[in-house]
Amino acid sequence: MSLRHLVSALAIAVFVGAPARAAEITVFAAASLQTALDAAAAEWRAASGNGVTLSYAATSALARQIEAGAPADIFISASLDWMEALDAAGLLDPGTRRDLFGSEIVLVAHEAGTAEEIGPGFDLAGRLGDGHLAMAMVDSVPAGIYGKQALESLGLWDAVAPRVAQAENVRAALALVATGEAPYGIVYATDAVAEPRVSVVGTFPADSHEPIVYPGAVIAGSEAAEAAAAFLDWLATPEAAAIFATQGFTLPGRAP
């Protein structure tokens, strides 16, 4: 066992203890978490012996599935609003909710470029030309909502709205830029880290959109609630934080 796996195993053992048999948990998580959460779950599986099934999609789609009774043990959202909706509906295990990670949105391009801060005078419509701006669904998917908020606050939305190509989630929007189907897109900075075929060409002022926070919680009635809570606890450890920091996530109130 490598030193890293040994450290992770010791950290996980603090939360998991020595269960009589392995638990199986199902995690519904925002698509933008996929690269980092895949790596974190692999560490958890190897060190704890517990099973983790990861289901990724747009936060809005996952929340609606949970509302409809989908058998999730954990929900990790890219939006405080969707987590609040499930909480208000009594679908979260009380006391398990916590803010895990943060991020920011960026403008990415299929061609290489130099990042600059986007302000009110930024000619995004001119840069698009006859091309499209790839975004996640702007009225329901968090990355799309944040992107639209930023463009509206900077006075850029009306000019680009007719050229927005909306995708079902942020990773789908990223793929449009990565494959060259769209010259530009608005995604999370963490998505840009995970995709070598795009480059960051613009950043948005932090006050141009609502704070981007990823809360997580155990779902009420989970049959694996103890293991699910332990997994959430482990995601807040320095060992897990290091994985997410490598992918560009911020860590509210913590250091990797």
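**Close-up 1. The largest cavity and its lining.** Thirteen residues, given here as 13, line the largest cavity, and Ala30, Ala31, Ser32, Val141 and Val170 are the ones nearest its centre. This is a predicted model, in which local features need pLDDT of at least 70 and side-chain atom pairs count only at pLDDT 80 or more, while totals for chains, interfaces and linings use all residues. Residues are numbered from 1 along each chain as its sequence is written, and side-chain values use heavy atoms, with hydrogens and water left out. A cavity here is a set of points, on a 1 Å grid over the protein atoms alone, where a 1.4 Å probe fits but cannot get out, and lining residues have an atom within 4 Å of a point. The structure holds one cavity of 30 Å³ or more, and the volume of the largest cavity is about 60 Å³. Grid points are joined across faces, edges and corners, and the volume is the space filled by probe spheres set on the points. Ten nonpolar and three polar residues make up this lining, with no charged ones. In this count Ala, Val, Leu, Ile, Met, Phe, Trp, Tyr, Cys and Pro are nonpolar, Asp, Glu, Lys and Arg are charged, and the others, Gly among them, are polar.

**Close-up 2. Ser32 and Leu33, in the loop between E1 and H2.** Look for Ser32 in the loop that runs between strand E1 (24-30) and H2; Leu33 is in the loop between E1 and H2 too. Helices (H or I, at least four residues) and strands (E, at least two) are DSSP runs, numbered from the N terminus. Ser32 counts as buried because its relative accessibility is 2%, and Leu33 is buried at 1%. Buried means under 20% relative accessible area, exposed over 50%, and partly exposed in between (1.4 Å probe, protein chains only). Beyond neighbours within four places in sequence, Ser32 is in contact with Val170, Arg171, Tyr188, Thr190, Asp191, Tyr214 and Phe249. On the same terms, the residues that Leu33 touches include Asp38, Tyr56, Phe101, Phe244 and Phe249. Contact means heavy atoms within 4.5 Å.

Close-up 3. Seven aromatic pairs are found in the structure. Trp44 and Phe231 form one that is edge-to-face, with 5.3 Å centre to centre and 65° between the planes. This pair links distant parts of the chain, 187 residues apart: Trp44 sits in helix H2 (residues 34-48) and Phe231 in helix H10 (residues 225-235). Both Trp44 and Phe231 are buried. Phe244 and Phe249 form another edge-to-face pair, at 5.6 Å centre to centre and 70° between the planes. Rings of Phe, Tyr and Trp (its six-membered ring) pair if their centres lie within 6.5 Å; planes under 30 degrees apart count as stacked, over 60 as edge-to-face and the rest as tilted. Phe244 counts as buried because its relative accessible area is 0%, and Phe249 is buried at 5%. Phe244 and Phe249 belong to one aromatic cluster with Phe101, Tyr188 and Tyr214.

Close-up 4. In soluble globular proteins, nonpolar side chains tend to be buried together. The largest nonpolar core has 74 residues, of which Leu33, Leu107, Leu133, Leu151, Leu235 and Phe244 touch the most other members. H10 gives the most to this core, with seven residues. Apart from it lies another core of 13 residues, including Ala57, Ile66, Trp82 and Ala217. A nonpolar core is a set of buried Ala, Val, Leu, Ile, Met, Phe, Trp, Tyr and Cys residues joined through side-chain atoms within 4.5 Å.

**Close-up 5. Glu116 in strand E6.** Glu116 is found in strand E6 (residues 116-117). Glu116 counts as partly exposed because its relative accessibility is 36%. Leaving aside neighbours within four places in sequence, Glu116 is in contact with Phe122, Arg127, Val201, Gly202 and Thr203.

Terms used
1 Å grid on protein atoms, 1.4 Å probe; cavity = no way out; pocket = protein on both sides within 12 Å on 5 of 7 lines; lining within 4 Å.
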